[in-house]
Amino acid sequence: MPPAPTPAPTSAEPAAGCADGPAGDPVGGIGAPAGSTARPGPASGSRSGRRLLFPEGPAVDPAGSHHERRIRSFRPRRGRVTAGQGEALRRLWPTWGLDIDGRSVLDLDAFFGGLPVVLEIGFGMGEATAEMAATDPGTGILAADVHTPGQGNLLALAERAGLTNLRVANGDAIILLREMIEPGALAGLRVYFPDPWPKTRHHKRRLIQPEFVELAAARLAPGALFHCATDWEPYAEQMLEVLSACPELENTAAGGGYAPRPAFRPMTKFERAGIGKGHRVHDLLFRRR
Ligand SMILES: C[S@@+](CC[C@H](N)C(=O)[O-])C[C@H]1O[C@@H](n2cnc3c(N)ncnc32)[C@H](O)[C@@H]1O
């Protein structure tokens with residue numbers, strides 16, 4: 001069943017705090033979702049009336065005023081969408097994209113053909129996400145970000161690799177978790193190198209806060225992994241404190257500290273940049289009780 005067309009972003013589409021990378025022109029064909037052609041029909045997102053670039057692509061602020069004003073953990077930034085990214089968005093978004101409009105609960109089984117589903121929040125340009133999806137075809141990856149160039153890049157990468165276990169979600173992942181995912185529905189949650197918001201007055205914008213962790217833990221199935229990584233030492237300390245304080249989670253690391261980086265997590269673009277600046281990287285691996 002073809003998915004409902006979604007409203008479009010504008011030339012003023014805000015992008016996230018990630019550096020843009022080039023998307024090559026997509027080649028090859030993206031496969032049909034294993035065991036499923038169904039896509040939950042998200043209700044249409046907001047239309048701003050500004051110039052539409054991708055009439056069938058991701059919406060600008062899909063949850064719009066439907067949800068209360070909230071602190072945003074992402075940094076709106078104008079990002080240039082390359083020709084290849086734009087082409088991927090136009091062609092692939094209607095089938096593989098999902099606007100986070102907060103209006104319907106997703107049927108993840110139908111969406112991913114019954115695969116266990118891991119949510120990744122903040123995939124940036126998506127290289128690590130595509131790599132993880134390719135090496136683990138038995139897991140469905142729901143990859144959420146607000147970054148339009150990254151969405152196009154990831155769609156292009158997915159098509160090129162022939163991935164069938166990946167969907168790209170556009171918008172605030174907090175609304176996705178809170179309004180669109182059922183309790184206990186996720187087999188895992190990944191938050192790799194979230195914006196560190198280093199200034200004290202911006203700390204409230206950090207994603208990993210007690211309220212968020214409580215919400216996230218409630219959406220995880222028993223035994224599911226909540227995996228964070230950061231190269232920003234003070235944020236790593238905050239993550240460890242907040243995750244350790246959540247009664248529904250237990251630290252998998254011996255001694256209750258940071259975990260060794262698991263083999264399944266490829267190096268991300270932001271990680272590489274952090275290491276280049278001499279930062280130490282910390283992984284945190286907690287399990288839902
Ligand atoms: C610093 S980048 C890291 C990207 C990638 N994980 C990496 O390591 O290269 C953080 C990303 O998280 C996204 N982000 C932050 N808060 C978000 C939210 N609430 N919902 C969706 N994406 C979010 C930003 O747009 C940005 O692309």
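Let's start with Glu 271. It has 20 C-beta neighbours inside 10 Å, so it counts as buried. The cut-off for buried is 20 or more. Keep in mind that this is a predicted model.

Where does Glu 271 sit? It is in helix H8. Set aside its neighbours within four places in sequence, and Glu 271 is in contact with Phe 193, Asp 231 and Val 281.

Now Phe 270. This residue also has its place in helix H8, which covers residues 269-276. Phe 270 has 25 C-beta neighbours inside 10 Å, and therefore counts as buried. What does Phe 270 touch, not counting residues up to four places away in sequence? Gly 124 and Phe 193.

Why look at these two? UniProt, in an unreviewed entry, lists both Phe 270 and Glu 271 under the feature "binding site". The record also puts Lys 199, Asp 231, Thr 268 and Lys 269 there. Recall that Asp 231 is among the contacts of Glu 271.

Next, helix H1, residues 83-96. How far apart are its end C-alpha atoms? They are 19 Å apart. With 14 residues at 1.5 Å a residue, the helix should span 20 Å, so the two values agree.

H1 does bend, though. The bend is about 40 degrees, at Arg 90. A proline, Pro 94, follows within four residues.

Which residues of H1 are buried? Gln 85, Ala 88, Leu 89, Leu 92, Trp 93 and Trp 96. And what covers them? The cover includes strand E3 at 97-99, helix H4 at 148-161 and strand E6 at 166-170.

Note on methods: Residues are numbered from 1 along each chain as its sequence is written. This is a predicted model: local features need pLDDT of at least 70, side-chain atom pairs count only at pLDDT 80 or more; totals for chains, interfaces and linings use all residues. UniProt positions are given in the numbering used here, feature names are shortened, and annotations may be inferred rather than shown by experiment. Helices (H or I, at least four residues) and strands (E, at least two) are DSSP runs, numbered from the N terminus. A residue is buried if 20 or more other C-beta atoms lie within 10 Å of its own, exposed if 12 or fewer, and partly exposed in between; C-beta atoms are placed from the backbone. Two residues are in contact if their C-beta atoms, placed from the backbone, lie within 7 Å. The expected span of a helix is 1.5 Å times one less than its number of residues. The bend at a residue is the angle between axes fitted to the seven residues ending there and the seven starting there.
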